Amino acid sequence: MADPTQMLCSVVILNWNGAKVMRQFLPSVLEHTTLPETEVVVVDNGSTDDSMAYLQSLQDSPEAKAAHLRLIAFPENYGFAAGYNRAIATMESEFVVLLNSDVMVTSGWLEPVLGYMQQHQNVAAAQPKVLAYKSLLAHQQDASQPVTFEHAGAAGGYIDKLGYPFCRGRLMSYVAPDNGQYDAIAKVFWVSGATFFIRTAVYNELGGLDDKYFAHMEEIDLCWRLNCRGYELACVPQSKVYHLGGGALAYDNPRKTYLNFRNNLLMIYKNLPQSQLCKVMFWRFILDYVAAIQALITFKPKHFAAIIHARIDYLRMKQDFVQIRQKNLNLAKQSYPDTIAQRSIIFDYFIRRRRE
């Protein structure tokens, strides 16, 4: 096994009761992560299924040895953000990749992103092109079916002036087919949490992911802090991966709706300067309730309740973020990053009918 203190990059996969998904996707990671100074670290978050037995059975395989597979077993489930934070705090490598367990990587996926970050020292975080695994399967069955971008990251993420995330290749619920239209390296506002490359020292310096979020938006929140501290972020589409997505919560799950609305509001409160905050929150109050009413009249009462609950909990929880907000604003080198798009994707999508 390679010496972890001499590693260039640690690919870190957090697992909790994901033996089935691991069996499906981990072999591609082991096969295509064989650079001499890289390792694959699977962090088990107190699983109660046969995850550890499966992982231990792999350790002596040629593929695992070539990928420098290393296992970390936590005694309990610390959750997504805290699990990654605890694991990455122990890493000695220059870069880490937070890789979801439901991602299939491809040949040479590491080299373009790591090479770009090594050449551009102010780029703190980056991602590859993230495509939808299900669309790949459909394309393999029927070549007329396009391979599409994946919702969570696509070809690099942005937010609009009201705090709504979108991507090159994904606007609201629409995901575009990949026709090479986003194959240029681009400066972005946020990078996908499914395949999140970041400098280890910077990750730890900024405190990693915010574990108060539970799930959803935590990677965008971290990226907002990176932007404000003067770092750059990029999508390097010469590398591509395929993400299954929806593993924790299905896209139409009301719980996912609740977390997305609540955490998005908390993220805006934590990071937006006072000069912009009141105006943005005024419009978000209106638009969130429009979204709630739309859910009600389209016979989605659970999503209506989720949005209302999210707004109530945001008001209840934001007091816990007052000091964090002040710290973020005090440490910001630029309080309002130039990578925030000065337009509304709500207007673009619903009024102008834009999909690209």
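**The second largest pocket**

A: The lining of the second largest pocket consists of four nonpolar, three polar and seven charged residues. Here Ala, Val, Leu, Ile, Met, Phe, Trp, Tyr, Cys and Pro count as nonpolar, Asp, Glu, Lys and Arg as charged, and the others, Gly among them, as polar. This is a predicted model, in which local features need pLDDT of at least 70 and side-chain atom pairs pLDDT 80 or more, while totals for chains, interfaces and linings use all residues. Residues are numbered from 1 along each chain as its sequence is written, and side-chain values use heavy atoms, with hydrogens and water left out.

The space in the second largest pocket is about 240 Å³. Its lining has 14 residues, and those closest to the centre are L206, G207, R225, I324 and K327. Helix α12, residues 322–331, contributes the most to this lining, namely four residues. Helices (H or I, at least four residues) and strands (E, at least two) are DSSP runs, numbered from the N terminus.

Pockets and cavities are found on a 1 Å grid over the protein atoms alone: a cavity is a set of points where a 1.4 Å probe fits but cannot get out, a pocket is an open set with protein on both sides within 12 Å along at least five of seven lines, and lining residues have an atom within 4 Å of a point. Grid points are joined across faces, edges and corners, and a volume is the space filled by probe spheres set on the points.

The structure has one cavity of 30 Å³ or more. The volume of the largest cavity is about 30 Å³. Among the residues lining the largest cavity are I159, D160, W224, L272 and Y336. By residue type, this cavity lining divides into eight nonpolar, one polar and two charged.

Next come charges and rings. A charge sits over a ring if NZ of Lys or CZ of Arg is within 6 Å of the ring centre and within 35 degrees of the ring normal. K212 has its charged end over the ring of F321, 5.9 Å from the centre. R355 has its charged end over the ring of Y349, 3.8 Å from the centre.

Strand β2 covers residues 38–45, and eight of its eight residues are buried, that is, under 20% relative accessible area, with exposed over 50% and partly exposed in between (1.4 Å probe, protein chains only). In a regular strand the side chains alternate between the two faces of the sheet. In β2, T38, V40, V42 and D44 point one way, E39, V41, V43 and N45 point the other way, and all are buried. Strand β1, residues 9–15, pairs with β2 in the parallel sense over seven bridges; two strands pair if DSSP finds at least two bridges between them. The bridge partner of S10 in β2 is E39.

Two residues call for a note on backbone angles. Most residues other than glycine have a negative phi, and most peptide bonds are trans. M172, not a glycine, has a positive phi of about 55°. M172 lies in the loop between β9 (170–171) and β10 (174–175) and is partly exposed, at 22% relative accessible area. R353, also not a glycine, has a positive phi of about 60°. R353 is in the segment after α13 (345–351) and is exposed, at 58% relative accessible area.
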